[in-house]
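Subject: Structure for your files

Hello,

Here is the structure I said I would pass on.

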Amino acid sequence: MFDVIGRNFVFLMGGLLTTFELAILALAGGIGLGMLVGLARLSKNPWIYYPITAYVNLLRNIPLILVIFWFYFVMPIITGDAMAPFPAAVIAFVIFEATYFGEIFRAGYQTISKDLTAAAFSTGMTYSQTARYILIPIAFKRMAPSLITQSIVTFQDTSLAFVIGLTELVRRSSIVDNMEVRSIELYGFAAFVYFIVCYTGSQISLYYENKAREVNLI
Amino acid sequence: MIEINKINKWYGDFHVLQDVDEVIEHGQTVVICGPSGSGKSTLLRCINGLEPFQKGEILVDKTSVKDPKTDLYKLREKIGMVFQRFELYPHMTAMENITLAPRKVRKWSKERAQDKAMELLKRVGMVDKADAYPANLSGGQQQRIAIARSLAMEPAYMMFDEPTSALDPEMIKEVLDVMVELAKAGMTMLCVTHEMGFAKEVADEIIFMDKGKIVERGTYDDFFNNPQTDRAKLFLSQILD
Ligand SMILES: Nc1ncnc2c1ncn2[C@@H]1O[C@H](COP(=O)(O)OP(=O)(O)OP(=O)(O)O)[C@@H](O)[C@H]1O
Ligand SMILES: [Mg+2]
């Protein structure tokens, strides 16, 4: 029954590789940008606070699939160049996920007392040194469970990139399905692969959550 | 020398500092006391530029804190600050807490910063806790590490904001001992504290603040034995029992 998987295994796994590549770039970019978005959301400078807040509110109220479409179809009109699906998907995901990670980091920064920041400033550290060595690492540790959960969501969301023709796991499953008409096995297999990856991720998250509670270090 | 010249600060309509005047000479220890909300913490935060103020002037070694051309980061390097709740970096060991600013701000090598840190850990009696995280240290131990962290930048001034008021009674002395030793070694210090024993031992001057104003100032004996205002008399009777 699952012979269709066996015959197309290499092709399907190639799709999983694309899924991973997209997810890793989306997460690296989304988390990296999110750290800064979170800082900007707490900025006292209105020139930073308002534009970034508008960006966050806009993106968080648009479905991801439209953001992906927008980058793929509208960007070429603006730039005059057609974009390949993969870079278009990476940019759309980074810009979209950064708003979600940004809100997680903002919550993390808000757990840090005003006096702790003052302590860092009182030793002569600049704002960017304080952000880099104090605020970001503390927020990272305190928000680890939420960051992992959001990373799992991002990983699942990468399947949406199939709408612009990115040949990731779901797209490749549908390509095989079009030829062999074995939907149940193919989409069942894809679901199974997603489940394994995400379940492992959520267990890791749980482990850290328990550990953080036990040690109560930070 | 720190010169505070008639500074005034408002939070909205609330006049939190009113015509505060004070000069802290090199090597002096000045103790600030007063009821909660009288503006003591705010005054310290104005001195190292953590809070802006609207009127008046503060000069630290003749450098204006208010002047937009002043490099506040440079200025803060020479004013150490110790907080009520220690405010150690929770994700770093005691050693890392102490060496961070010398390495990143002063660009010292790791070895040099660690040598300095060990010397300071010895001074505050915490050598065996160099690799401990703050969560595993008692309040008194954390506060001594926090003092060492400030001293690592080799400041010319030290400001303390109620450094012992979050501590259990048995730990207060270990922190005060460090502060007394510092004062006697000639550090210029500005201490918000209600520890009158400490004030008696090292304070050159005591300032009493109420509702944003300095309402009384003098030596320990002046203030303690002969308070002029009713507010100070009431305050002293409250902290003495
Ligand atoms: N950011 C702020 N905005 C508005 N009001 C503030 C702010 N910070 C402090 N205040 C007010 O200013 C007053 C002085 O505060 P400050 O912390 O300097 O007092 P304090 O003398 O240090 O008191 P405590 O002994 O409680 O530490 C208080 O009434 C406080 O509520
Ligand atoms: Mg205070």
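Predicted model: local features only at pLDDT ≥ 70, side-chain atom pairs only at ≥ 80, totals over all residues.

Residues are numbered from 1 along each chain as its sequence is written, chains are lettered from A and ligands numbered from 1 in the order in which they are written, and side-chain values use heavy atoms, without hydrogens and water.

Ligand site. The residues around ligand 1 (a heavy atom within 4 Å) include B:Tyr11, B:Phe14, B:Pro35, B:Gly37 and B:Thr42. Oxygen atoms of ligand 1 lie 2.6 Å from a side-chain N or O atom of B:Ser36, 2.9 Å from one of B:Lys40 and 3.0 Å from one of B:Glu162. On its own ligand 1 has 640 Å² of accessible area (Shrake-Rupley method, 1.4 Å probe), and the protein covers 60% of that. Strand 2 (14–24) and helix 1 (40–47) of chain B each give two or more residues to the shell; helix 1 has the largest share, with 3 residues. Helices (H or I, at least four residues) and strands (E, at least two) are DSSP runs, numbered from the N terminus.

Positive phi. Most residues other than glycine have a negative phi. B:Glu162, in the loop between strand 7 (157–161) and helix 6 (169–184) of chain B, has a phi near 45°. B:Asp61 has a phi of about 50° and is partly exposed at 31% relative accessible area (buried is under 20%, exposed over 50%, partly exposed in between; 1.4 Å probe, protein chains only).

Strand 9 of chain B. Strand 9 pairs (at least two DSSP bridges) with strand 3 (29–33) in the parallel sense over 4 bridges, where B:Val31 is partnered by B:Ile206. Strand 10 (213–218) runs antiparallel to strand 9, with 5 bridges. Strands 9 and 10 form a hairpin with 2 residues between them, and B:Lys211 in the turn has a positive phi of about 50°.

Chain A. Helix 10 (183–215) of chain A contains A:Tyr199, which is partly exposed at 44% relative accessible area.

Regards

Terms used. Polar contact = N/O pair within 3.5 Å; in protein donor to acceptor, adjacent residues only side chain to side chain.
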